[in-house]
Amino acid sequence: MTKQKIFGVELSLGGREELSTLVAVGVFLVIGGLFIFSLKNYLDAKDKTANYTQEVVRLEQQIKNNQSDIQTIGSGNLDGYNRVLSALIPEQEDFYSIINALDIISQESGFIITGYTIDAASLNRQKIDLKVEGVGDSLAFTQFLQSYQFEGGRLITNEKVEFATAGITSMKLNLNFYNKKFAAAAAGLSRPLNVGDRQRLEEIGRKIKINLTGTTETAAADYKTKDNPF
Amino acid sequence: MKKKYINLFGKGHAAEQSRFNALIRWILTGAGVLLFAAFIVVNLFQISQQKELKEIIGKKNDLLSQTLNSKDTEAKMNYLKAKLNQLDTFSKDDTLFVPYYNLLRETLAQASNSSYLETISIDNKKNTKFSVRLNDFDSLMNFVHYVESDRFKDQFSDLILTSFNLLEGSKANKAKDYQLTFSGKFK
C-alpha cells in the first residue's frame with residue numbers, strides 16, 4: 001500500500017476504498033461542472049429569447065401600425081399628402097412662397113394687401129412674423145380671415161384678430177409662417193392615423209389646389225412651392 | 001481520557017476510515033445521481049429554449065425583411081406623421097376667428113333683429129372682447145334678456161359686461177343707440 005499526501009492529508013491511495021472515494025468525488029465534480037455549464041447556457045438562452053421576443057413584439061406592432069396607417073391613408077395618396085404638407089410647412093424658409101401665398105389669398109378674398117413687414121429677428125426661426133396691412137370691406141376681410149390659414153399654400157396663423165364690422169376698413173394683421181426640417185428621429189404623431197386625418201388632408205389639398213395624385217400645382221400656375229422631398 | 005474525535009485519516013483507524021469512505025461515497029453517489037438528473041432536466045429545458053430562440057430569431061429576421069421591403073412607404077409615412085404633428089402644433093397658434101365670429105353673429109341675430117356686432121377681437125387663447133349696438137329700447141331689453149339666458153351664456157366660460165353707452169342714433173327720429181361692450185372667454 002503506497003501512501004501519498006494530497007492537500008496535506010496523508011492517504012493510502014493504494015487502497016481501493018480511498019481510490020473509489022476519490023473517483024466518486026471527481027465524477028461528482030464533473031457532473032456539477034456540467035450542470036453549472038448547462039444551467040448557465042439555459043439562462044443565457046432564456047435571456048436572449050426574452051430580448052428577441054420584445055424586439056419581435058415591437059416590430060410586429062410597428063408593422064401593424066404602419067399597415068393600419070397605410071390602409072387609412074391609402075398608399076397611393078402618400079406622395080400627394082406629403083406634397084401638401086411640405087408646401088404648408090417647408091423644410092427651409094422660402095420667401096417667394098410667402099409672398100405668393102399672400103397674393104393668392106388677397107386675390108381670392110378681395111382684401112387688398114397694401115404692405116407687409118417681416119420681423120427681421122424672426123428670419124432664422126421656425127416661425128416668421130409678418131405684419132400685413134390691407135384694405136377692404138367687412139365681407140372681403142371676413143373672406144380673408146376664412147381663407148388665410150391654408151389657401152395660399154402655406155400654413156398661416158394669426159394670434160389675435162381685431163375687427164370692426166362696419167364700412168371699408170384698413171386693417172393690420174400679424175401673421176405667422178412656419179418652416180421646420182424633418183428629422184427621421186423626430187417625434188411624429190404618437191397616435192395612429194384616422195379617417196379624420198385623411199379628410200383633413202384632402203380638404204387642405206383642395207384648398208391649396210395641389211393635385212394629390214399628380215404633379216405639384218398651385219393657384220399661381222407659374223410658381224411651384226416645394227417639391228416632394230422623396 | 002476519552003477521545004473526543006476520530007482521526008479518519010490517521011493511522012491505525014482502518015475500520016473508521018473505511019466507514020467514512022463508504023459514507024462519503026454514498027453521499028456523493030446520491031448527490032451525483034440527483035445532480036445528473038438535474039443536469040438532464042436542465043439540458044432538456046435548454047434544448048427547448050434553444051429551439052424557441054432559433055424560432056424567434058427566424059421570426060425577427062422575417063419581420064426585419066418585411067420592414068426593409070416596405071422601407072420606402074414607411075419613410076413616407078414617417079414624414080407624413082412628423083409633418084402632421086408639426087401642423088397640429090403650429091395650428092394651435094391660430095385664433096380660429098371665423099367659427100367664433102359666425103357663432104357670435106348667429107347668436108346675436110337670435111337675440112334681436114336690430115342688434116349688430118360692431119367690433120370684435122379674439123385671440124388664440126379664446127379671449128374675446130366685442131361690442132354690440134342696438135337701435136331702440138325694446139331691442140335692448142330683448143337683448144339683455146337673451147344675454148342672461150343659458151343659451152347665450154353656454155357659449156362662454158367667462159363673460160362680463162364692461163361698458164354700457166348711450167350713443168347718438170342713426171335713425172331719422174333721433175332715437176339713441178345703445179352700445180354694450182363685453183369681455184370674456186369662449187368655451
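**Exercise 1. What percentage of the contacts in chain B with a separation of 6 or more comes from residues 24 or more positions apart?**

Before we start: you're looking at a predicted model.

- Step 1. Take the contacts in chain B with a separation of 6 or more, then pick out those between residues 24 or more positions apart; they account for 50%.
- Step 2. Now look at what chain B is built from: five helices and four strands.
- Step 3. Walk along the sequence of chain B and you'll read α-α-α-β-β-α-α-β-β.
- Step 4. Chain B has 187 residues, and 20% of them are buried. Here, buried takes 20 or more other C-beta atoms within 10 Å of a residue's own.

**Exercise 2. Work out the order of the strands in the open sheet of five strands, and find which strands stand at its edges.**

- Step 1. Read across the open sheet: the order is 6(A)-1(B)-2(B)-4(B)-3(B), and the pairing is antiparallel.
- Step 2. Check the ends. At the edges you'll find strand 6 (160-164) of chain A and strand 3 (156-167) of chain B.
- Step 3. Each of these edge strands has a single partner strand, so one side of each has no neighbour in the sheet.
- Step 4. Ignoring direction, neighbouring strands of this sheet are turned by 15° against each other on average.

**Exercise 3. Trace how strand 6 of chain A is joined to strand 1 of chain B, and find the helix that lies across them.**

- Step 1. Count the bridges: five of them link strand 6 of chain A with strand 1 (residues 116-123) of chain B, and the two run antiparallel.
- Step 2. Pick out some partners. A:V161 has B:I122 as its bridge partner, while A:A164 has B:T119.

**Exercise 4. Describe the contact between the two chains, starting with how many residues each one brings.**

- Step 1. Chain A brings 67 residues and chain B brings 59.
- Step 2. On the chain A side, several elements supply at least two residues each, among them helix 1 (16-73), helix 2 (78-88) and strand 7 (169-178).
- Step 3. Helix 1 of chain A gives the largest share of that side, with 30 residues.
- Step 4. Sort the chain A side by type and you get 36 nonpolar, 18 polar and 13 charged residues.

Technical notes: Residues numbered from 1 in each chain as written. Chains lettered and ligands numbered in written order. Predicted model: local features only at pLDDT ≥ 70, side-chain atom pairs only at ≥ 80, totals over all residues. Pairing = 2+ DSSP bridges. Axes fitted to C-alpha atoms, helices over the stretch in contact; angles between N-to-C directions. Contact = placed C-beta atoms within 7 Å. Nonpolar A, V, L, I, M, F, W, Y, C, P; charged D, E, K, R; others polar. Buried ≥ 20, exposed ≤ 12 C-beta atoms within 10 Å, placed from the backbone.
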